[in-house]
Amino acid sequence: MGKDAKDNPPNIDCQTDDDGSTCSHMPELAEVEYFRKQWNPGLKHAIRDVRLHPNARIFRSCEVEELRSHLTGGELVSSSAAAKQMAFRTHRQGWLGIHLGMSGALSVANADYVSRPADHLVLVQIERTLVFSDFRMFGRVQFSIGKAVPDWWSKIAPAIASKEFSPAAVGAFLKRRTRTSIKAVLLMQERFPGIGNWMADEILWRAAIHPKRIAGSLDAEEVRNLHREIRWVSRRALETIGETMADPPDTWLFPHRWQNGGKCPRSGAVLAREVVGGRTTCWSPARQKLR
DNA sequence: TCCTATGTTGTATG
DNA sequence: ACATACAACATAGG
């Protein structure tokens with residue numbers, strides 16, 4: 001699972017949002033991986049100062065003063081991402097966990113960076129500043145010290161790319177959901193770590209499965225197709241969005257799904273949009289039938 | 001003014 | 001114990 005970050009040469013570019021408020025990419029699997037790498041230039045460099053908002057909601061599971069004193073004068077040595085969670089290891093057995101929620105973002109800025117109101121955790125170094133901003137504060141920071149792997153990291157479900165994420169495991173999970181839509185089930189992190197709203201829609205569109213289908217009603221072939229598309233979308237998203245945050249090409253559902261009157265890139269039919277499983281859902285009625 | 005937002009969690013109910 | 005549904009969290013933008 002863990003990919004250790006490379007110690008890249010310092011990158012002093014300011015990559016914070018220039019509109020100062022919104023980020024068009026909300027964090028799912030690949031976006032989290034992209035944001036994780038934003039802090040690579042700061043790994044293995046001393047942190048001179050920690051600026052944080054101790055009462056911000058993102059610290060609701062965190063001993064803020066312990067975090068502050070540990071990081072001040074210390075350093076981050078490596079990082080990995082799993083599901084929608086990031087883990088940064090520190091100089092002396094520290095674990096810094098970051099979840100980006102709906103509006104969180106990591107960025108690297110100049111050494112003389114002036115914090116904005118939504119910058120809740122800012123790590124100041126000699127050559128750069130590492131910034132975690134989150135204006136809605138659905139994100140979460142966690143911190144612990146010690147060899148023991150913290151629960152928030154060890155309890156993450158087996159990665160979609162792993163061997164344990166098998167068609168049989170997916171099928172067994174679906175079989176237990178006899179009254180829930182497949183769309184809602186795909187969002188369950190206990191089996192589909194990192195899948196979020198846009199990925200779920202993309203996967204179902206490719207697998208030609210209607211989002212309102214009852215999860216337990218999929219037949220063996222549909223489960224196989226679904227499993228294959230989950231793997232494919234995850235891998236391709238990591239290769240594209242995970243590297244550059246570039247939007248996927250027009251051959252994906254992704255760039256069409258929020259446009260009013262958007263059309264299915266395969267059938268040309270007008271896309272449907274409706275709340276399914278409590279989330280806004282987009283599908284192509286021409287490809288995805290309720291049977 | 002009202003509605004939307006790509007996430008998770010706590011709680012109530014079946 | 002497990003499955004299910006939904007309000008709540010906080011903020012900005014259309």
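Strand β9 (residues 272–276) pairs with β10 in the antiparallel sense, over five bridges. Ala 272 has Trp 283 of β10 as its bridge partner. The two strands β9 and β10 form a hairpin with two residues between them, and Gly 277 in the turn has a positive phi of about 60 degrees.

The model is predicted: local features need pLDDT of at least 70 and side-chain atom pairs count only at pLDDT 80 or more, whereas totals for chains, interfaces and linings use all residues. Residues are numbered from 1 along each chain as its sequence is written, while chains are lettered from A and ligands numbered from 1 in the order in which they are written.

An open sheet is formed by four strands in the order β1-β6-β7-β5, with antiparallel pairing. Because β1 (49–52) and β5 (104–109) stand at the edges with a single partner strand each, one side of each is left without a neighbour in the sheet. From one strand to the next, the twist averages 10 degrees. Six bridges join β5 to strand β7 (residues 129–134) in the antiparallel sense, and Leu 106 has Phe 132 in β7 as its bridge partner.

Axes are lines fitted to C-alpha atoms, for helices over the stretch in contact, and angles run from 0 to 180 degrees between N-to-C directions.

| Helix pair | Angle | Axis separation |
|---|---|---|
| α1 (residues 29–38) and α7 (residues 220–244) | about 35 degrees | 8 Å |
| α4 (residues 167–175) and α7 | about 115 degrees | 9 Å |

The crossing of α1 and α7 is right-handed, a term for the near helix being turned clockwise from the far one by less than a right angle, with anticlockwise being left-handed. On the α1 side, Leu 29, Ala 30, Glu 31, Glu 33 and Tyr 34 make the contact, and α7 contributes Ser 234, Ala 237, Leu 238, Ile 241 and Gly 242. Residues are in contact if their C-beta atoms, placed from the backbone, lie within 7 Å. By class, this contact of α1 with α7 has six nonpolar, two polar and two charged residues. Ala, Val, Leu, Ile, Met, Phe, Trp, Tyr, Cys and Pro count as nonpolar, Asp, Glu, Lys and Arg as charged, and the others, Gly among them, as polar.

The crossing of α4 with α7 is also right-handed. Here Pro 167, Val 170, Gly 171 and Leu 174 of α4 meet Val 223, Arg 224, Leu 226 and His 227 of α7. The class count for α4 with α7 is five nonpolar, two polar and one charged.

Chain A is divided into domain 1 (29–154) and domain 2 (167–283), with bounds from an automatic or database domain assignment. Their centres, taken over C-alpha atoms, are separated by 30 Å. Contact between the domains involves eight residues of domain 1 and eleven of domain 2. On the domain 1 side, α1 gives the most, with five residues.

DNA strand B is surrounded by 14 residues, the closest being Met 26, Lys 84, Gly 196, Asn 197 and Thr 280; a residue is near the strand if its C-beta atom, placed from the backbone, lies within 6 Å of it. Both α6 (197–207) and β10 (279–283) supply at least two residues each to this surface. Its composition by class is five nonpolar, six polar and three charged residues.

Definitions and conventions: Pairing = 2+ DSSP bridges. Contact = placed C-beta atoms within 7 Å.
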